[in-house]
Amino acid sequence: MSTDDNRPPAVRQLRLVVEAEDHAAAVAFFRDALGLPEQAAFTGDGDARVVILDAGRATLEIANPAQKRMIDEVEVGRQVAPRIRLAFEVDDTTAATGRLVAAGATEIAPPTVTPWHSLNSRLDAPAGLQLTLFQELRDLDERATMDGFGTDRHRSR
């Protein structure tokens, strides 16, 4: 939405739907270990189940292939990410990484300070998902004044 556009946003929520073969293990991992509060749960015929977890504010990060490769290099040191990777902002990356590894995740890369001033770790998680846990080390206003930060609409093309 541009700053001169007074229309309300057309999208009210981003909901990522993930099929998990081991539904109970995935729910336990994301709800209990990661700490995403349960918002709703539904059951249906044929043992159909879904649990909706509140992940706070949602954003959609669209990266070109060069950026995806650069993120992998910074966080892991090699190319490992699939086309879709989930990133969760946490208060303490080191503690959250340890808690999730204890709950069944596999650490791909330990917490690492990135050029964009966050502390990131990479994990393989249940339901075949790859996660980045990140802790912001500088607030958005501080980062906006640094080279390489800002918004696309403010960059010269």
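The model I am reading is a predicted one.

I next looked up the pairing of β4 and β5. The two strands run antiparallel and are joined by 5 bridges. Glu 107 has Leu 123 in β5 as its bridge partner.

I then followed the chain into the hairpin of β5 and β6. Here 3 residues lie between the strands, and Ala 127 in the turn has a positive phi of about 70 degrees. I found 8 bridges between β5 and β6, in the antiparallel sense. Asn 120 has Phe 134 in β6 as its bridge partner.

I checked the whole sheet. It is open, with 4 strands in the order β3-β6-β5-β4 and mixed pairing. β3 (86–89) and β4 (106–113) are at the edges with a single partner strand each, so one side of each has no neighbour in the sheet. I noted an average twist of 15 degrees from one strand to the next.

I turned to β3, which pairs with β6 (residues 129–136) in the parallel sense over 4 bridges. Glu 89 stands opposite Phe 134 in β6.

I looked for the helices that pack on the sheet. Helix α1 (residues 23–33) touches β3, β5 (118–125) and β6, and its direction makes about 5 degrees with that of β6. Helix α3 (residues 93–102) touches β4, β5 and β6, with its direction at about 10 degrees to that of β5.

Is β5 enclosed or open to the outside? I found 7 of its 8 residues buried, so β5 is largely enclosed by the rest of the structure.

I listed the buried residues of α1: Ala 26, Val 27, Phe 29, Phe 30 and Ala 33. They pack against β2 (48–53), β3, α3, β5 and β6. After α1 comes Gly 35, with a positive phi near 95 degrees.

My last entry concerns Glu 75, in helix α2 (residues 65–75). Why does Glu 75 count as buried? Its relative accessibility is 3%, and the cut-off for buried is under 20%. What does the side chain of Glu 75 make a polar contact with? I found the side chain of Asn 120, at 2.6 Å. Beyond its neighbours within four places in sequence, Glu 75 is in contact with Arg 85, Ala 109, Thr 112, Trp 116, Asn 120, Arg 122 and Thr 132.

Technical notes. Residues numbered from 1 in each chain as written. Predicted model: local features only at pLDDT ≥ 70, side-chain atom pairs only at ≥ 80, totals over all residues. Heavy atoms only, no water. Pairing = 2+ DSSP bridges. Axes fitted to C-alpha atoms, helices over the stretch in contact; angles between N-to-C directions. Contact = heavy atoms within 4.5 Å. Buried < 20%, exposed > 50% of the residue type's maximum accessible area, 1.4 Å probe, protein only. Polar contact = N/O pair within 3.5 Å; in protein donor to acceptor, adjacent residues only side chain to side chain.
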